[in-house]
Amino acid sequence: MNNYKLTIEYDGSNFVGWQQQKNGNSIQSAIQKAILELSGERVEVNGAGRTDAGVHAYGQVASFSIKKKIDTDVIRDGLNQHLRPQLISIQKAEQVDEDFHARFSAKKRWYKYKIINRRAPLTIDVNHAWCVFKKLDITKMKNESSFFIGQHDLNAFRSVYCQSKSSIKTIENIKITQEDENIIIEIGARSFLHSQVRIMVGTLVDIAKGNINKSIKEIINNKKREEAGQTAPPRGLYLLKVEY
């Protein structure tokens, strides 16, 4: 078998998410269909991150195996041809060892969240950022975000649909930058709980608005979802890159 690794960019606005579902078009199913059309082989494509409906990606990684050996440039260009006009783009195709698995071989995943902090509603970025109308205390956001670094029980920061057996996760990096009205939050970790990044972002925003008086440290220690903030909308979230 020939094992291939794809690096993928997509706009998740019109998809039900990465994972194949019965209720609509998914990124996974679109790519699997394109591989069938290109190679004549039915495959399961494994993604590094199961992004939710409306979530985007600059550097999603997926892997699949086929019997036929195909040049990697042909895979990239052929899949892009079959994927049009859907907003999914294969940035790179590589042949990898048979034991490579996009999800299980990953060492670190990076997510980016984009907030636009202004009074006027969005137009160009309407499906690609979260517009927060109330002025945010960026200094408080940065100070509070530091409490996420390290290994913690993040039970307060996962959705009720999370199926993970353990809520203990290690956040390796978190960085918040601001340029004019644009606020970018980047988070790096080996793995995440369901909706974890969006709840982390929503909680930081609620603290920065003054809607939550508890600190991130206190919310983590209490382990209660109701003490954390809102779940930030999916449209501002991007799977930035995956490290192996």
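Student: Which residues does L239 touch, not counting residues up to four places away in sequence?

Tutor: A quick note on the ground rules. Residues are numbered from 1 along each chain as its sequence is written, and side-chain values use heavy atoms, with hydrogens and water left out. This is a predicted model, in which local features need pLDDT of at least 70 and side-chain atom pairs count only at pLDDT 80 or more, while totals for chains, interfaces and linings use all residues.

Now to your residue. Leaving out residues up to four places away in sequence, L239 touches G49, T51, H56, A57, Y58, G59, Q60, W110 and Y111; contact here means heavy atoms within 4.5 Å. L239 is found in strand β10, residues 237–243. Strands (E, at least two residues) and helices (H or I, at least four) are DSSP runs, numbered from the N terminus. L239 counts as buried because its relative accessibility is 1%; buried means under 20% relative accessible area, exposed over 50%, and partly exposed in between, using a 1.4 Å probe and protein chains only.

Let's step away from L239. K140 is 99 residues from L239 in sequence, and their C-alpha atoms are 25 Å apart in space. K140 is one of the residues of helix α3 that meet α4: K140, M141, E144 and S145 in α3 face L204, V205, I207 and A208 in α4. Sorted by type, this contact has 5 nonpolar, 1 polar and 2 charged residues. Here Ala, Val, Leu, Ile, Met, Phe, Trp, Tyr, Cys and Pro count as nonpolar, Asp, Glu, Lys and Arg as charged, and the others, Gly among them, as polar.

How do these helices cross? The axes of α3 (residues 138–145) and α4 come within 8 Å and cross at roughly 135°. Axes are lines fitted to C-alpha atoms, for helices over the stretch in contact, and angles run from 0 to 180 degrees between N-to-C directions. The two helices are therefore oblique to each other: angles under 35 degrees count as roughly parallel, over 145 as roughly antiparallel, 65 to 115 as roughly perpendicular and the rest as oblique.

Leaving aside neighbours within four places in sequence, M141 is in contact with I115, L136, I176, I185, L204, V205 and A208. M141 is also among the residues with the most contacts inside the largest nonpolar core, alongside I31, I115, F148 and F157; this core has 69 residues. Such a core is a set of buried Ala, Val, Leu, Ile, Met, Phe, Trp, Tyr and Cys residues joined through side-chain atoms within 4.5 Å. Helix α4 (residues 196–209) gives the core its largest share, 8 residues. In soluble globular proteins, nonpolar side chains tend to be buried together.

Next along the chain comes a contrast. K142 is in helix α3, yet K142 counts as partly exposed because its relative accessibility is 41%. The C-alpha atoms of K142 and K175 are separated by 7.7 Å, although the two are 33 residues apart along the chain.

S195 lies in the loop between β9 and α4 and has a positive phi of about 65° although it is not a glycine. S195 is buried, since its relative accessible area is 12%.
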